[in-house]
Amino acid sequence: MDAGAEASPERADGGETDGGTWRFPAAKPLRLDSGATLAPLEVAYKTYGRLNATKTNAILVCHALTGDQHAASVHPVTGKPGWWDKVIGPGLPLDPARYFIICSNVIGGCMGSTGPASPNPNTRQPYGLAFPVITIGDMVRAQAMLIEALGIETLLAVVGGSMGGMQVLQWAADYPEKLFSAVCIGAAPRHSAQNIAFHEVGRQAIMADPDWRGGAYETEGVRPEKGLAVARMAAHITYLSEAALQRKFGRELQRDGLSWGFDADFQVESYLRHQGTSFVDRFDANSYLYITRALDYFDLAAQHGGVLAEAFRKARGVRFCVLSFSSDWLYPTAESRDIVRALNAAGCRASFAEIETDKGHDAFFLDEPQLDRTLRGFFAATAQARGL
Amino acid sequence: MPAAVREDFAEILRLVRPGARVLDVGCEDGELLELLTREKRVDGQGLEISPAGVSACLARGLAVVQGDGDRDLDHFPTRSFDYAILSKTLQQMRAPRHVLSELLRIADQAIVSVPNFGHWRMRVSLMARGRMPETRALPDPWWATPNIHLCTLRDFTDLTRELGIRVDACVALSGGKPARPIRPDGFLENWRSETALFLLSRAPENRPEAVPTDLFGAVALERPDVPRPPRRKAPRRRAPAAP
């Protein structure tokens with residue numbers, strides 16, 4: 001086939017210098033783990049800093065379930081600072097003055113990359129449930145296409161927390177030759193029964209909302225806001241530790257005295273309701289279904305004959321750093337230790353630290369001095385080893 | 001070599017082969033590993049319990065795993081290192097005998113240093129004062145010491161015999177003086193040596209079998225369809241009767 005212009009990816013944005021969108025045409029489809037293909041494919045991303053002349057300072061940041069490419073820039077919908085503004089920024093462990101930092105919206109997402117709200121080329125209507133089920137591996141394959149389109153051969157680092165950490169592991173398994181280092185924070189090598197169970201609660205809440213309309217709510221002009229809010233509320237509890245909830249709210253009341261009804265009497269109720277309602281402003285219910293499914297399907301060992309170490313067999317040249325949080329019960333330290341054990345068994349160069357905190361899973365984007373010190377040290381040493 | 005190198009580090013530096021794979025158990029801030037990496041180009045890995053030590057190692061560009069020598073050695077694959085180093089902390093372990101066996105499962109040779117409780121200062125201090133000795137090698141009072149399994153040189157060599165471990169080399173270290181090669185079971189050395197540094201190994205026929213495709217990664221995942229790797233220790237020779 002002629003590798004002509006229509007087979008080449010192209011910019012599908014206003015030519016911004018700090019990100020934009022790449023469109024991969026139908027001639028270059030994304031082959032999905034399910035066997036389906038996705039085309040045309042759009043990948044939206046943001047960048048911070050400048051790529052150096054030798055193209056050796058690029059770092060890919062992978063976002064978590066409800067994150068997006070706005071890692072260190074003001075979110076266009078909420079107006080809030082980026083989700084990782086404690087780590088990316090001047091004087092921080094990932095300093096744009098030194099590194100070229102890329103963060104892309106995962107496929108299946110709702111911030112510009114192709115997802116269930118994107119137009120289905122067959123019907124010109126939003127995909128809805130016609131969108132194919134995707135995996136963490138598919139997300140990573142799309143990221144690899146973006147990195148290639150940006151003309152980058154090797155990444156100085158790929159780094160991410162939670163679902164982002166799983167993408168990091170998948171990168172190490174699928175594209176070890178493109179990585180110099182990999183930083184996996186608060187993640188797991190597979191989803192546990194408990195992880196799947198919590199996600200199922202969220203999905204059922206969305207699907208039980210009469211406005212979900214079998215996933216076709218966009219064409220019918222409604223949104224399953226109540227269901228998505230409940231899904232977020234349930235999930236949010238898993239991101240915090242019991243100690244953090246207790247310290248933050250205890251049994252504090254919203255007003256003096258009880259209402260003797262079902263208003264949000266307790267501050268923790270009001271907090272969760274706020275988390276739920278503000279979430280629906282910036283997130284799509286079908287995206288939530290698809291991305292939680294991708295997480296549930298994630299089992300890196302199963303992709304490699306049941307042996308996790310096999311996933312890292314070709315990644316011996318990659319410098320790994322695995323971090324966990326002592327109070328994270330969603331992806332507990334033991335699961336990070338499984339990763340480290342497999343890395344050791346595969347003969348990889350791996351570091352591991354458990355960050356002492358009572359803030360639970362969400363600690364990875366909160367102000368944690370030990371996390372800051374650890375990332376700072378690791379990236380500085382990595383950059384030095386790369387000759388930066 | 002800079003003059004400020006600790007005497008035991010200098011000795012370890014002398015023992016380690018260039019380019020070897022080294023595991024430093026209780027590597028603290030990574031000073032020794034950095035020295036070995038710089039001077040001997042070793043492929044180093046640290047195990048350290050304190051968060052501050054781990055951060056310091058990462059900042060030095062070293063590979064370090066946060067963990068506890070008492071608990072986490074079984075995470076390392078069999079014979080994945082040439083040397084396992086345990087510097088002055090065996091006496092602080094809950095199960096020193098198990099740790100010693102583990103070091104020689106993970107690595108072909110172990111470099112272990114132990115303070116000698118049979119040193120004359122200890123004996124004299126105990127005899128004269130009738131109290132637990134507090135010396136420059138072991139300065140803490142009994143109620144604050146981290147040392148829960150102290151031994152003499154003779155005790156230690158007895159244990160190596162019992163475990164079928166060979167002593168390939170032994171040097172005495174005493175407060176800044178140059179290292180002095182000794183016979184570890186010598187009567188006089190047990191009086192004279194403040195600290196001893198051992199290079200230990202198993203006879204080749206007693207070494208555990210290296211598992212080239214160690215299935216360790218699968219163990220924790222408990223997949224019923226995947227056979228568990230054997231976790232059995234190497235067959236040990238019965239300890240020979242003491243001479």
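At what angle do the axes of α4(A) and helix α6 (residues 267-282) of chain A cross, and within what distance do they come? In this predicted model, local features need pLDDT of at least 70 and side-chain atom pairs count only at pLDDT 80 or more, while totals for chains, interfaces and linings use all residues. Residues are numbered from 1 along each chain as its sequence is written, and chains are lettered from A and ligands numbered from 1 in the order in which they are written.

The axes of α4(A) and α6(A) come within 8 Å and cross at roughly 130°; axes are lines fitted to C-alpha atoms, for helices over the stretch in contact, with angles running from 0 to 180 degrees between N-to-C directions. The two helices are therefore oblique to each other, the class left over once angles under 35 degrees are taken as roughly parallel, over 145 as roughly antiparallel and 65 to 115 as roughly perpendicular. Their crossing is right-handed, meaning that the near helix is turned clockwise from the far one by less than a right angle. Residues in contact (C-beta atoms, placed from the backbone, within 7 Å) include L228(A), R232(A) and H236(A) of α4(A) and L272(A), Q275(A) and F279(A) of α6(A). By class, this contact has seven nonpolar, four polar and two charged residues; Ala, Val, Leu, Ile, Met, Phe, Trp, Tyr, Cys and Pro count as nonpolar, Asp, Glu, Lys and Arg as charged, and the others, Gly among them, as polar.

Helix α4 (residues 225-239) of chain A also packs with helix α3 (residues 193-208) of chain A, their axes coming within 7 Å and crossing at roughly 165°. The pair is therefore roughly antiparallel. Here too the crossing is right-handed. Among the residues making the contact are F198(A), V201(A) and A205(A) of α3(A) and L228(A), A231(A) and A235(A) of α4(A). The contact has 11 nonpolar, three polar and no charged residues.

Chain A as a whole has 10 helices and 11 strands, where helices (H or I, at least four residues) and strands (E, at least two) are DSSP runs numbered from the N terminus. Of its 388 residues, 52% count as buried, that is, with 20 or more other C-beta atoms within 10 Å of their own. Residues 24 or more positions apart account for 69% of the contacts in chain A with a separation of 6 or more.

Between the chains, the contact takes 25 residues from chain B and 27 residues from chain A. On the side of chain B, α3(B) gives the most, with five residues.

Notes
Two residues are in contact if their C-beta atoms, placed from the backbone, lie within 7 Å. A residue is buried if 20 or more other C-beta atoms lie within 10 Å of its own, exposed if 12 or fewer, and partly exposed in between; C-beta atoms are placed from the backbone.
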